[in-house]
Amino acid sequence: MADEFELDTDDLARRMDGAIANLRVELASLRTGRASGSMLEPIMVDAYGSPTPINQVGTVNVPEPRMVTINVWDKALVGKVEKAIRDSGLGINPQLNGTIIMLPIPELNEERRRELTKVAGHYAESARVSIRNLRRDGMDQIKKAKADGLSEDDQKFWEATVQEITDAHIKAVDETLETKQAEIMQV
């Protein structure tokens, strides 16, 4: 039975890919001084009694490099969308024009850029911790199989395989973080 042990490395890699995808979503919400519709994704609006993403109550556009507009479909929700943006902590002051909310993106100062790179670093560290936890899960499966009679050579092979997958994903997290930090610090 122990000779038939095979770790599901595809599942392990898929779960680690999920941690990286989550990191990319979190990083997309960080402001870089350029307008981006994705910076509004984490903001929820209290629409019709339940929290709703902004892109489900209006059309988000980026007409200029330093401007985001939201064309709210229901006139009754304009005030709620504006309030959600003000309360989001993005540091953007919405301007109303009928059912269109304009968000001028101010230039980031050096201090704010450094703060954002630190926040990006925290997001990346969370992704690394998730990947390491998944590595530990894989190693635990191997140890359990070892207790069930897996040979030492097979154990070393599977441990090396799990470590290779982990190293590749940690490297991807680091590269994603470097790219985002360079984007934030770009003036």
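**Figure 1. Thr99 in the loop between β5 and β6.** Thr99 sits in the loop that links β5 (95-97) to β6 (100-104). The model is predicted. Thr99 is partly exposed, and its relative accessible area is 24%. Leaving out residues up to four places away in sequence, Thr99 touches Ile70, Asn71, Val72, Lys75 and Val78.

**Figure 2. Overview of the protein chain.** The protein chain holds 4 helices and 6 strands. Along the sequence they follow the pattern α-β-β-β-β-α-β-β-α-α. The radius of gyration is 22 Å, well over the 16 Å that the globule rule gives for 187 residues, so the protein chain is more spread out than a compact globule. Along the principal axes, the C-alpha atoms fill a box of roughly 70 × 40 × 25 Å. Of the 187 residues, 38% count as buried. The accessible surface of the protein chain is about 10700 Å². Carbon and sulfur atoms account for 50% of that surface. Take the contacts between residues at least 6 apart in sequence: 65% of them join residues at least 24 apart.

**Figure 3. Helix α1 against helix α3.** Two packed helices are described by the angle between their axes and the distance between the axes. Here the axes of α1 (residues 9-28) and α3 cross at roughly 170° and come within 9 Å. Angles over 145 degrees count as roughly antiparallel, and α1 is therefore roughly antiparallel to α3. On the α1 side, the contact is made by Leu12, Arg15, Met16, Ala19, Ile20, Leu23, Glu26 and Leu27. On the α3 side, the residues are Ala120, Tyr123, Ala124, Ala127, Ser130, Ile131, Leu134, Arg135 and Asp137. By class, the contact of α1 with α3 has 12 nonpolar, 1 polar and 4 charged residues.

**Figure 4. Helix α3 against helix α4.** Helix α3 (residues 110-147) packs on helix α4 (residues 152-185) at an angle of about 170°. Their axes are 10 Å apart. Helices α3 and α4 are therefore roughly antiparallel to each other. The contact of α3 with α4 divides into 14 nonpolar, 7 polar and 9 charged residues.

**Figure 5. Thr166 and its contacts.** Thr166 belongs to helix α4. Thr166 counts as buried, at 3% relative accessibility. Neighbours within four places in sequence are set aside here; Thr166 is then in contact with Met16, Ile131 and Arg135. Met16 is one of the α1 residues in the contact with α3. Ile131 and Arg135 are among the α3 residues of that contact.

**Figure 6. Tyr48 in the loop between β1 and β2.** Tyr48 lies in the loop that joins β1 (44-47) to β2 (50-53). Its phi is near 55°, a positive value in a residue other than glycine. Tyr48 is exposed, with 63% relative accessible area.

**Figure 7. Gly79 in helix α2.** Gly79 is found in helix α2 (residues 78-87). Gly79 is partly exposed, with a relative accessible area of 41%. Gly79 and Glu115 are 36 residues apart along the chain. Their C-alpha atoms are separated by 30 Å.

Terms used: Residues numbered from 1 in each chain as written. Predicted model: local features only at pLDDT ≥ 70, side-chain atom pairs only at ≥ 80, totals over all residues. Heavy atoms only, no water. Axes fitted to C-alpha atoms, helices over the stretch in contact; angles between N-to-C directions. Helix = DSSP H or I, 4+ residues; strand = E, 2+ residues; numbered from the N terminus. Parallel < 35°, antiparallel > 145°, perpendicular 65-115°, else oblique. Nonpolar A, V, L, I, M, F, W, Y, C, P; charged D, E, K, R; others polar. Rg over C-alpha atoms; globule rule 2.2 N^0.38 Å. Buried < 20%, exposed > 50% of the residue type's maximum accessible area, 1.4 Å probe, protein only. Contact = heavy atoms within 4.5 Å. Areas by Shrake-Rupley, 256 points an atom, 1.4 Å probe, with all protein chains shown as cover.
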